[in-house]
Amino acid sequence: MSSPCSLLCRLATLLCVWALCQAQLDTKLPPGTPIIQLRLAGDKHKHYEGRVEVYYNGEWGTVCDDDFSIHAGNVVCRELGYVEAVSWSPSSKYGKGEGRIWLDNVHCSGLERTLAQCESNGFGVSDCKHSEDVGVVCSQRRIPGFKFISTLTNNVESLNVQVEDVRIRAISSQRKRVPMTEGYLEVKDGGKWRQICDLEWTEMNSRVICGMYGFPGEKRYNTKVYKLLAKRRKKNYWGFGVNCTGNEASLHGCKLGHKVELRGNATCEKGLPVVVNCVPGRAFAPSHAQGFSKAYRVEQPLVRLRGGANIGEGRVEVLKNGEWGTVCDDSWNLKAATVVCRELGFGSAKEALAGGKLGQGMGPVHMNEVKCSGFEKSLTECYFNRDALGCSHEEDAAVRCNVPAMDFQNRLRLSGGRNPFEGRVEVLAEKNGSLVWGTVCSDSWGTIEASVVCRQLGLGFANNAFQETWYWPGDMSADDVVMSGVRCSGTEMTLAQCLHHGKHLDCPRGGGRFAAGVSCSETAPDLVLNAQVVEHTTYLEDRPMYILQCANEEHCLSSSAATATSSSYRRLLRFSSQIHNNGLTDFRPRAAHHSWIWHECHRHYHSMEVFTHYDLLSLNGTKVAEGHKASFCLEDTQCEQGIEKRYECANFGQQGITVGCWDTYRHDIDCQWIDVTDVVPGDYIFQVVINPNYEVAESDYTNNIMKCRCRYDGHRIWMYNCYIGERLEITLCQVTNEAAFLSNQTLFT
């Protein structure tokens, strides 16, 4: 039941929108008000932001940031058809404009219908430079019923398209297709849907429309079908053409074409309504045999996205010389972001993100000052400054792409939770010839499965996976289990793409209170091991068995230690591990304080029974020795400048790793080793895996693995070529000129 406060808030919002509509409908301005037109220009990261430009007296000019305020921003955004301004930016954030600076010292109350009504020094009276050009970020929401009105008697082609909404309307035979790739293009202007005359329509225009709807390309369509339909249907044309160059991120970035003379049924006599036919990316293209059963895997070897909460977003990473690295955000804009999105099988970019907004990467920064035309097939074809230095991972570029509407969110829901981000997982499934809602069996249900649910619903990352949901009373009619045996790899777009039992269900505990549940979060931590620290701190130690009793109790020694005498020695491969949190939220143990396990011998608590796995592998991947580390103390050992430590283990304190901090397990503490007593001399792979059981959700698990080449001669050990995640040029089974290489390495004994 809604509270009185929430009802009042909704009523106030409705009244505000109604007032905006009325103001827009009442187009008459007081006599003497200058006639102007506005547009947003410059280097944009989103299509609804930019440098404020004013068309007055036959010339485009800018607005100075002196005395500008959010009230003035609201007037600008409403004049452009947006509900309100979110923020404004001084000092030419979107680049320096050209020509006149039309307005300076602008004072608005926020109630004006046009920027020309606000107080100012007067048109053309300014002491500003273009380094003071003001910009705004508008709300994405458009004013309902907004109608574009051109005040220009000529030069209308210099204006951007300003409409309330855009859609592709499929014909009846295409309406059940998912994704919907073909249909009439319609724009909503003045509260009515209107078609566009195709006499001046180009492939570049179709390219932009398809990009808006999540498709990387466009193709021709069957004109005969639409010519027949055009004769039978009444048409309602928009009064303008459209002129896109093809590299715009949305229709709102395109310019208006010529005015169309509206003559009722005689409008566009020699043409037809515009139809677009889009080509979906490989991950979204339906297979006639299997539908969408294949998991989503980007098979692009040069560019990838990492750390994104939802499909089609993430930090941009590029493969160069076999090593993945990031892209610096200097000059990063929608054109470059759109190249990335289309390259990966998505549409155009919704947003070009800067400042490590989707987490910081590791390794080199491969590209800086990227400049794209927007037509490149790959980001690697764009110009970039090879000599630019000084970029840190705090400046990592990221993207949010337009993705096709796949109807995924209508096949899954969360029920009974305290908020929209949590609840019992319920799936829409076919039963006895009809579609019914039911639960998912919680046997084998874990964080990876939960992460697929959260991504499918557009809710970000999995925060927790629950195997009991009695505290979330869902719909009793949906208690029956309709899906069991769920096993996900984490790359799937939907839960249905994960392995599961199909029609033959097997769930001994049943649904109801034992149904699977999740809680989701828009942000997540991201743990990354510092490979260089491991490489530089590795050494061998022979340690007597009588001082390893506690370590033996915690299973930190190899199996042969069970029969070893107290006077014997164990050979230990020791090293330090420095684990960074590069994510967007703190890393916290899943278990609460009260459920931590006390270990009497070492006299400390374990907040995670297995925090890291240490393995020594043969060159063909066979495990020859192993170790593990419980998180007896997760804390902020050190942090980047300006970040305060939040977690400290002393006095049974809170455990965790703050964003921008790292936890160091020194080489000289118990269990920070691999027992190599029984290992014969040879060449090996040393591997460390953080959070191996996925107990805590992270934004990226691919960087939780570190591997090194390792040579052991029975007395000494060499550790070299350590790297995080994937490095494609290395074939670990192959040793090339290794003797010469080893002679240049640091020797550890």
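Analyst: Quick ground rule before we start: a disulfide is a pair of cysteine sulfur atoms within 2.5 Å. Keep in mind that this is a predicted model, where local features need pLDDT of at least 70, side-chain atom pairs count only at pLDDT 80 or more, and totals for chains, interfaces and linings use all residues. Residues are numbered from 1 along each chain as its sequence is written, and side-chain values use heavy atoms, with hydrogens and water left out.

User: Fine. How many disulfides does the structure hold?

Analyst: There are 15 of them.

User: Let's take C441 and C507. What makes them a disulfide?

Analyst: Their sulfur atoms sit 2.1 Å apart. The cut-off is within 2.5 Å, so the pair makes it. As for handedness, the S-S bond has 85 degrees about it, and the link is right-handed.

User: And which parts of the chain does that pair tie together?

Analyst: C441 is in the loop between β22 (434-440) and α6 (447-456), while C507 is in the loop between β24 (481-483) and β25 (517-521), so parts 66 residues apart in sequence get tied together. Those labels are DSSP runs numbered from the N terminus: helices are H or I with at least four residues, strands are E with at least two.

User: Why does C507 count as buried?

Analyst: Buried means under 20% relative accessible area (exposed is over 50%, partly exposed in between; 1.4 Å probe, protein chains only). C507 comes in at 17%, so it counts as buried. C441 is buried too, at 1%.

User: Last one: what makes C197 and C268 a disulfide?

Analyst: Their sulfur atoms are 2.0 Å apart, so they meet the definition. This link is right-handed, with 75 degrees about the S-S bond. It links distant parts of the chain, 71 residues apart: C197 in the loop between β9 (192-195) and α3 (203-212), C268 in the loop between β12 (255-259) and β13 (275-279). Both C197 and C268 are buried.
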